[in-house]
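Subject: Structure for your review

Dear colleague,

Please find the structure below, followed by an account of what was found in it.

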Amino acid sequence: MPELAQIVAAWPIGVSLAAAVAAQGLYAGRRRTALNEALHELRRPLQVLAFLEPGNGSQVPAALQGSIELAATALARLECEINGETARAKRMPLPAGPLLDAAVGRWRRRAELAGGSLRLRWQADGALVDGDRCELAQALDNLIANAIEHGGREIVVEARGHRGRLRVAVVDSGAAAPERTRRKRLVDRIARLSGRRLRGHGLRIVRRIAAAHGGDFQLHRTERGTAATIELPLVGGEG
């Protein structure tokens, strides 16, 4: 048993440790509250945009509807992480063609503003994959955005069936040209600001999503360009 003198001597240290733990818990609670409030404020404008019908004038273009849904899904996943909950994927058989076509549609204008082009080369008619639509769209968005920012002007999204798997490759034409137009400099600046201190997450997200869907991700760089390839099992194993 410790003597009374030892207990008295250790009392200030114990009080300090208890105070530090309490302060840390208070800070964590306040931080969680602040993050939940920020999520609430971010979710509100997304809800407004989501309820607008695609069209002209002040309405949201159809190409942005998918981006709004992806942003809302990302916020929901962040909310789960903040509050110690588990985000659940919604898996179902999905036609791969519309998924890729929508991703290319979302990013085509961005590629054009950067002085390049983006097109889809589809060679997998009727291909179905079993997966979460939003997660797979996030993986495709990351691959295309990465190619626009770091690759060459010409970007092709190629898709074909191969031995029971769907192989999707985002291929660029090589190192980006050095010349920059005024508009491209502005686009590049926005890309840098939006990705400040957040580099390196995109490909990790793609790898995680591919693995969660029983697939694989590979990145091949050559002098002629980069090919980022994700493979996913086809429903029924055909292709």
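What volume does the second largest cavity have? Its volume is about 30 Å³. A cavity here is a set of points on a 1 Å grid over the protein atoms alone where a 1.4 Å probe fits but cannot get out, and lining residues have an atom within 4 Å of a point. Grid points are joined across faces, edges and corners, and a volume is the space filled by probe spheres set on the points.

This is a predicted model, in which local features need pLDDT of at least 70 and side-chain atom pairs pLDDT 80 or more, while totals for chains, interfaces and linings use all residues. Residues are numbered from 1 along each chain, and side-chain values use heavy atoms, without hydrogens or water.

The second largest cavity is lined by Val-129, Asp-130, Leu-136, His-213, Leu-232 and Pro-233.

The largest cavity has a volume of about 90 Å³. Its lining includes Leu-136, Ala-139 and Leu-140, and helix 4 (133–150) is one of the elements that supply at least two lining residues.

In helix 4, Leu-136, Ala-139 and Leu-140 are among the buried residues (under 20% relative accessible area, 1.4 Å probe, protein chains only). At the start of helix 4, a side-chain oxygen of Asp-132 lies within 3.1 Å of the backbone nitrogen of Cys-134.

Yours sincerely

Methods: 1 Å grid on protein atoms, 1.4 Å probe; cavity = no way out; pocket = protein on both sides within 12 Å on 5 of 7 lines; lining within 4 Å. Helix = DSSP H or I, 4+ residues; strand = E, 2+ residues; numbered from the N terminus. Buried < 20%, exposed > 50% of the residue type's maximum accessible area, 1.4 Å probe, protein only. Polar contact = N/O pair within 3.5 Å; in protein donor to acceptor, adjacent residues only side chain to side chain.
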